[in-house]
Amino acid sequence: MEKNNDGIFNARELGAPKCIILGLQHMFAMFGATVLVPLLTGLSISTTLLFAGLGTLLFHFITGRKVPAFLGSSFAFLGGYATIAPMVDAEGNSISNSAALPYACAGVAFAGLLYFVLSLLIKIFGAKKIMKFFPPIVTGPIIIAIGLTLSQSAVDNCSKNWLIAFIAILVVILCNIFGKGMIKIIPILIGVIVSYVFAIFMNEVDFTAVKEASWIGLPVSKNATVFSIFGANFDSSKFITSIITIMPIAFATIVEHIGDISAISSTTGKNYIAEPGLHKTLLGDGAATVVASLFGAPANTTYGENTGVLTLSKVYDPFVIELAAVFAIIFSFSPKFSALISSMPTATVGGISLVLYGMISAVGVRNIVENKVDFSKTRNVIIAALILVLSIGIKYSAAGAISFSIGKVTISLTGLAIGALIGIILNAILPGNDYEFGKDHKADEHRGIHLE
């Protein structure tokens, strides 16, 4: 059995039943966050599940089935959806945004095209010239910030019922530390099930929506696709405004993508930046986003939750992720299943998320430690400090982002985007940068990147 860092790269040798369970675990890991985006934007949960699955399979096809990444709904574009298709009016009253959602999705589709542009540039000039802007002193703090900026949602969800959340967390810890065999490999799924059952006995689960939902239904509504806006009532102004407003968000998600691929590389000990190549992973991510948004689903992005599962399970075979994608597609055709999963207690999702988000940040710490980043150098302290403080501080500030106007269009940049941008710039201009990709092969191997 092929292993690296005690990891399993050929899950088929575990047997079909275990592979299926591992696939379900990855699906459950992404489910809570993935369905939250449509709940916050008004998009369809079933459509979101369908194109999370299809987008993941498309990503795996483009990357040659080499990268164990799952693509789910991106939170980065929530501000864009809220601007173009708000769910509340100026007075805070709920309103229907069904007519405006396709325009927002069009903006997201154009944002996905920026991935194609960067992918082409990397193909032409090579990953080395791009990745020199992303040494461990930059990517490590970015990965740490990704986990920490997600932490608020996990804590907020846990606060709905800390006892239920604690059960989920405790089960995951016990299975991971003391579990043997399959128990140690699927701690997340076991934590979800035990916490869910416990919540049922506490009468914390409402099955009304499950009873009312049908067993089978189409996951895509014709009126929700981008194509539905082109006709007699096409609003060119709204179309252009959506593109200008939402496209810049892609720069933030591209940085997140590089951080996520670096995290997966660090977790598995394999070099996905060089093979299959950053240009292919970006192309796969962009293609998944474009296809999903055209049909009325949220933008897709590589998922940190599933990187956390990789860290816990140590099963790194992309085949398991593909199984999770297939399960997502199958279940997208069942409104009853979507209702059943949506009935999962918020605290259960919070407890599981608390562990997974922490795992993401831990991978960032590992990235810095294994590369022996020298924090006796003031430049390194400044870079790491500003990335963390800006990313987290802006995220939890009153505004939640830094906004500026270009004409009548307001553009908001998230804390993670600003922190990453400042870190990249400082690393490029401050003296004393003695790290070079491809030169120190030992450090590159520790980081999971071998730019040869």
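Predicted model: local features only at pLDDT ≥ 70, side-chain atom pairs only at ≥ 80, totals over all residues.

1. The side chains of R65 and E322 form a salt bridge, with 2.7 Å from N to O.

2. Where is K66 found, and which residue does its side chain meet in a salt bridge? K66 lies in the loop between α2 and β3, and its side chain meets that of E275 at 2.2 Å, N to O. E275 is part of helix α14 (residues 273-294), and the pair links distant parts of the chain, 209 residues apart. E275 is partly exposed, at 42% relative accessibility; K66 is likewise partly exposed, with a relative accessible area of 38%.

3. The count of salt bridges comes to three. Besides those of R65 with E322 and of E275 with K66, there is a salt bridge between the side chains of D317 and R12, at 3.7 Å from N to O. D317 is placed in the loop between α15 (304-313) and α16 (318-332), and R12 in the loop between β2 (7-8) and α1 (16-41); the two residues are 305 residues apart. D317 is buried, as its relative accessible area is 6%, whereas R12 is partly exposed at 44%. In general terms, side chains of opposite charge can pair when their charged atoms come close.

4. R12 has a further contact: its charged end sits over the ring of F319, 4.0 Å from the ring centre. A contact between a charge and a ring is also found for K270, which lies over the face of F9 at 4.5 Å from the ring centre.

5. How many aromatic pairs are there? The count comes to four. One of them joins F51 and F295 in a stacked arrangement, with 5.4 Å from centre to centre and 15° between the planes. This pair links distant parts of the chain, for F51 lies in helix α2 and F295 in the loop between α14 and β4 (300-302), 244 residues apart. F51 counts as buried at 6% relative accessibility, whereas F295 is partly exposed with a relative accessible area of 32%.

6. F327 and F331 form an aromatic pair that is stacked, with centres 6.3 Å apart and 25° between the planes. Both residues lie in helix α16, four residues apart, which is about one turn of the helix. Why does F327 count as buried? Its relative accessible area is 15%, and the cut-off for a buried residue is under 20%.

7. The nonpolar cores come next. The largest holds 63 residues, of which F77, Y81, V138, I142, I246 and L282 touch the most other members. Helix α4 (residues 101-125) provides the largest share of this core, namely 10 residues. A second core of 44 residues is separate and includes I169, V315, F327 and F337. As general background, nonpolar side chains tend to be buried together in soluble globular proteins.

8. N203 is located in the loop between α10 (187-201) and α11 (208-212). Is N203 buried or exposed? N203 is exposed, with a relative accessible area of 69%.

Note on methods. Residues numbered from 1 in each chain as written. Heavy atoms only, no water. Core = buried A, V, L, I, M, F, W, Y, C linked by side-chain atoms within 4.5 Å. Buried < 20%, exposed > 50% of the residue type's maximum accessible area, 1.4 Å probe, protein only. Salt bridge = Lys/Arg side-chain N within 4 Å of Asp/Glu carboxyl O. Phe/Tyr/Trp six-rings, centres within 6.5 Å; stacked < 30°, edge-to-face > 60°. Lys NZ or Arg CZ within 6 Å of the ring centre and 35° of its normal.
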